[in-house]
Amino acid sequence: MAARRFLASFFPTVKAQEEEIVDPQVVLREKCAEHGTAPQLWEKYQACNDRVNGRSNTTETCVEELFDYLHELDHCVTKTLFSKLK
């Protein structure tokens with residue numbers, strides 16, 4: 001305990017502001033996940049994931065489906081993200 005106080009004296013502590021900071025990218029990703037082709041790509045990914053998990057010995061992965069979904073989300077988010085950054 002004394003060692004912690006000793007080390008803390010060398011490092012300043014930063015207290016968070018009372019207002020909680022919200023990451024705009026997270027908010028935009030949630031909104032984009034509900035619009036456009038994102039829901040269909042999510043369903044395609046989930047179907048692939050269920051298929052792979054249902055097999056005991058397979059080399060199939062769902063990386064392509066996941067990348068397609070994430071690419072669509074990122075494409076949607078970039079339309080408005082930079083206007084919300086300070």
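**Salt bridges and disulfides in a predicted model**

Author: Arg 55 and Glu 60 meet through their side chains in a salt bridge, at 3.2 Å from N to O. This is a predicted model, in which local features need pLDDT of at least 70 and side-chain atom pairs count only at pLDDT 80 or more, while totals for chains, interfaces and linings use all residues. Residues are numbered from 1 along each chain as its sequence is written, and side-chain values use heavy atoms, with hydrogens and water left out.

Reader: Why is the contact of Arg 55 and Glu 60 called a salt bridge?

Author: A salt bridge is a side-chain nitrogen of Lys or Arg within 4 Å of a carboxyl oxygen of Asp or Glu. The N to O value here is 3.2 Å, so the pair of Arg 55 and Glu 60 qualifies.

Reader: What makes Arg 51, Arg 55 and Glu 60 a network?

Author: Glu 60 also forms a salt bridge with Arg 51, the closest N and O atoms being 2.8 Å apart. Salt bridges therefore link Arg 51, Arg 55 and Glu 60 in a network.

Reader: Why does Arg 55 count as partly exposed?

Author: Buried means under 20% relative accessible area, exposed over 50%, and partly exposed in between (1.4 Å probe, protein chains only). Arg 55 has 44%, so the term is partly exposed. Glu 60, at 26%, is partly exposed too.

Reader: How do you know that Asp 74 and Arg 29 link distant parts of the chain?

Author: Asp 74 forms a salt bridge with Arg 29, with the closest N and O atoms 2.4 Å apart. Asp 74 lies in helix α4 (residues 63-78) and Arg 29 in helix α2 (residues 24-32), 45 residues apart. Helices (H or I, at least four residues) and strands (E, at least two) are DSSP runs, numbered from the N terminus.

Reader: Why is the link of Cys 32 and Cys 76 called a disulfide?

Author: A disulfide is a pair of cysteine sulfur atoms within 2.5 Å. The sulfur atoms of Cys 32 and Cys 76 are 2.1 Å apart, so the pair meets the definition. Cys 32 is in helix α2 and Cys 76 in helix α4, 44 residues apart.

Reader: Is Cys 48 buried or exposed?

Author: Cys 48 has a relative accessible area of 1%, so this residue is buried. Cys 62, at 9%, is buried as well.
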